[in-house]
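Here are a few friendly notes to read alongside the model. Please keep the structure open and look up each residue as you go.

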Amino acid sequence: MGRPDHRRRHLGQPPRPQPHGGQFPAQGGDSRRRGAGEDRGAGKDRGPEKAGKPEEAAAPAPPGSNGWALGRRATRSGHGMLLADPHFPWTGIRRFYQVQLTIPGVLDVSGGSLYGTPVVQIGHNARVAWTHTVSHAQRYTLYRLKLAGDGAYLVDGRAEPIGRQVVEVPLQDGTVARRTLYTSRYGPVLAAGRGDGYAYALADVNAANLRSADEWLAMGKARDVAGLRAAQDAHQGMAFVYTLATDVSGSATFADASAVPHVTDAQAERCTVPSPDPSLEAYVLDGSTSACLWGRDRDAVVPGIFGPAAQPRLTRADYVANSNNSPWMTNPAAPLTSYAKVWGPSRTDVEPRPRVSLDMIARRLSGADGLGAPGFTLETLQATAQGKRNLTFEMMRADVAAICRAHPSATASDGRRVDLRQACRTLAAWDGRATLDGAGAILWREFYTGLERPHKPGEPFQQWWKVPFDPEHPLTTPRGLKRDDPYVLRSLADVVQRFVSDGIPLTLTPGQAQRYASVAIPGCTEAEGCFDRIRSRGRLGADGRYPDVDTGSSFMMAVELTPSGPRTRTILTYSLSANASSPHHADQTALFSRGQWVTERFTEAEIRADPRLRVTTVRG
């Protein structure tokens with residue numbers, strides 16, 4: 001149902017994309033400006049103030065993902081297992097399609113690829129499996145140019161001319177639009193930020209990076225983790241992602257093998273100048289001295305990027321994991337801290353989704369999750385990944401109960417008194433999982449995410465965690481809810497008042513509130529600390545519905561690598577076809593809604609045993 005139809009495909013002839021085909025995401029695409037649409041971390045899953053309206057003014061959220069590579073000490077079989085759970089848009093050009101590429105004796109690899117790309121980007125062969133999550137590393141720096149007049153800028157006291165290129169674009173009305181683009185030794189000169197004798201140029205580490213396809217091809221041929229890492233070292237073409245991989249022997253590895261500007265901490269301290277935009281997290285370096293040019297490593301494939309020896313890396317026999325947290329908590333037993341700041345922060349708030357991810361692994365390894373004996377099997381890996389836990393509710397359940405006992409009613413922001421008793425009963429009865437029938441899940445989301453929205457214009461952000469973040473206890477802080485904080489009580493009163501006034505039942509479930517292609521969708525948001533998270537681009541409407549889900553878990557893949565071949569389960573949450581008239585437009589979505597997976601057929605014997613097999617030979 002919507003799975004690959006097991007046609008043998010030659011490289012370069014992927015399935016024909018449905019409408020909205022496009023390119024791989026912009027290679028310098030994670031600029032990490034914090035905006036209203038950002039979905040990285042607690043409280044960032046905000047919608048517009050008008051209920052039910054799309055987030056017209058919000059910037060698109062950067063992709064997120066979960067990835068686990070499990071080693072022999074974490075699995076019951078003693079072989080490697082992998083979970084891939086990239087969080088990408090459900091509409092538009094960044095959808096995955098499923099494919100198996102086979103060149104007899106050369107290549108046999110299966111997995112998911114983004115529209116417009118002919119290689120398997122997340123997948124496995126017979127002995128190795130890998131996935132990616134979005135890296136925290138910077139992809140570019142700005143250089144501040146000291147202007148010298150007459151269209152020049154200064155470097156080491158000497159004037160260098162600013163390059164000019166006139167671009168002409170024919171318009172539909174028959175006229176021609178002309179624009180002059182300016183360049184420097186660092187890269188294009190930006191139109192923004194000019195003034196006071198300065199301009200700014202963009203140095204993009206991926207501007208000339210065309211190595212990723214070769215790298216994925218080489219990874220697809222790897223026989224073990226060492227071979228996969230050698231392929232990455234040889235190409236260094238990953239544009240913006242971490243890599244997590246495992247093999248039949250049960251070796252699990254993590255690396256930020258992406259292209260990263262060679263800016264050491266010492267150079268950053270010496271060369272950083274004030275930013276023209278305080279919200280920009282990338283370095284702004286002094287372009288008036290060549291001493292601030294990006295450095296060079298001997299083991300780097302091109303100048304200006306860090307070589308493999310400088311990359312944050314970890315290989316383990318138990319596991320490595322990432323949920324878009326920085327590398328330092330890849331495995332809490334072996335924190336990574338000795339990397340340059342350009343790779344991302346360390347000893348900072350791990351945030352709820354990475355925390356629940358690591359807790360899910362810990363509970364499975366101890367057997368404390370109710371799924372049986374300790375250690376992962378393919379079946380418990382699937383069950384764990386789709387458990388729908390809501391970490392923020394788990395952390396605050398006791399505090400909410402205490403608030404409810406002490407305050408059967410409360411005053412809302414408009415001064416009216418609100419009865420909280422039914423809402424409190426609903427939350428007390430909820431098991432904390434965002435399943436289709438999770439009565440209380442939506443009430444909790446609206447309350448919790450509402451804590452981060454000011455109740456009145458101009459109100460400051462409220463600190464409502466009872467215990468703040470402590471880098472010495474990154475997996476248990478922050479935690480708790482300030483029980484006696486009037487702001488917290490008012491937030492609960494406000495959400496209950498809104499539900500009652502709109503006629504929305506306080507027991508509203510994800511199955512009632514969330515849809516995609518008319519299919520009910522389980523799950524909760526990044527802000528709430530949900531693992532396989534989903535998001536709708538807008539607030540809950542007065543009808544008790546969110547706009548259709550538009551982002552979240554996309555191509556999910558659970559793989560167990562065995563000596564006799566891989567055992568794989570997949571689910572493409574939004575289904576294979578973007579064409580609403582196709583029978584494969586929502587077939588896998590229906591499976592995802594019910595918590596089901598598709599069994600992959602990888603070997604020749606498995607494929608030929610499929611009663612629906614069709615073989616298409618493409619020549620020429």
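1. Let's begin with how the cysteines pair up. If you number the bonded cysteines of the protein in sequence order, the pairing reads 1-2, 3-4, 5-6. Keep in mind that this is a predicted model. A search of the whole structure finds three disulfides. As a reminder, a disulfide is a covalent bond between the sulfur atoms of two cysteines.

2. Take the pair Cys271 and Cys292. Their sulfur atoms lie 2.1 Å apart and form a disulfide. This pair links distant parts of the chain, 21 residues apart: Cys271 sits in helix 3 (residues 265-271), while Cys292 is in the loop between strand 15 (284-286) and strand 16 (313-316). Is this disulfide left-handed or right-handed? The torsion about the S-S bond of Cys271 and Cys292 is about -90°, so the disulfide is left-handed. Both Cys271 and Cys292 are buried.

3. Now find Cys404 and Cys424, which are joined by a disulfide with an S to S distance of 2.0 Å. Cys404 belongs to helix 6 (residues 391-406) and Cys424 to helix 7 (residues 421-429), so the pair ties together parts that are 20 residues apart in sequence. The torsion about the S-S bond of Cys404 and Cys424 is about -80°, so this disulfide is left-handed. Are these cysteines buried or exposed? Cys404 counts as buried because its relative accessibility is 16%, and Cys424 counts as buried because its relative accessibility is 11%. The cut-off to remember here is that buried means under 20% relative accessible area.

4. Next come Cys524 and Cys530, joined by a disulfide with an S to S distance of 1.7 Å. With a torsion of about -95° about the S-S bond of Cys524 and Cys530, the disulfide is left-handed. Cys524 counts as buried at 3% relative accessibility, and Cys530 is buried with a relative accessible area of 1%.

5. Finally, have a look at Ser536. Where does Ser536 sit? Its place is in strand 24 (residues 534-536). Ser536 has a relative accessibility of 10%, so Ser536 counts as buried. The side chain of Ser536 reaches the backbone oxygen of Pro547 at 2.9 Å. Which residues is Ser536 in contact with, leaving aside its neighbours within four places in sequence? They are Tyr546, Pro547, Asp548, Val549 and Asp550.

Terms used:
Residues numbered from 1 in each chain as written. Predicted model: local features only at pLDDT ≥ 70, side-chain atom pairs only at ≥ 80, totals over all residues. Heavy atoms only, no water. Helix = DSSP H or I, 4+ residues; strand = E, 2+ residues; numbered from the N terminus. Buried < 20%, exposed > 50% of the residue type's maximum accessible area, 1.4 Å probe, protein only. Polar contact = N/O pair within 3.5 Å; in protein donor to acceptor, adjacent residues only side chain to side chain. Contact = heavy atoms within 4.5 Å. Disulfide = S-S within 2.5 Å.
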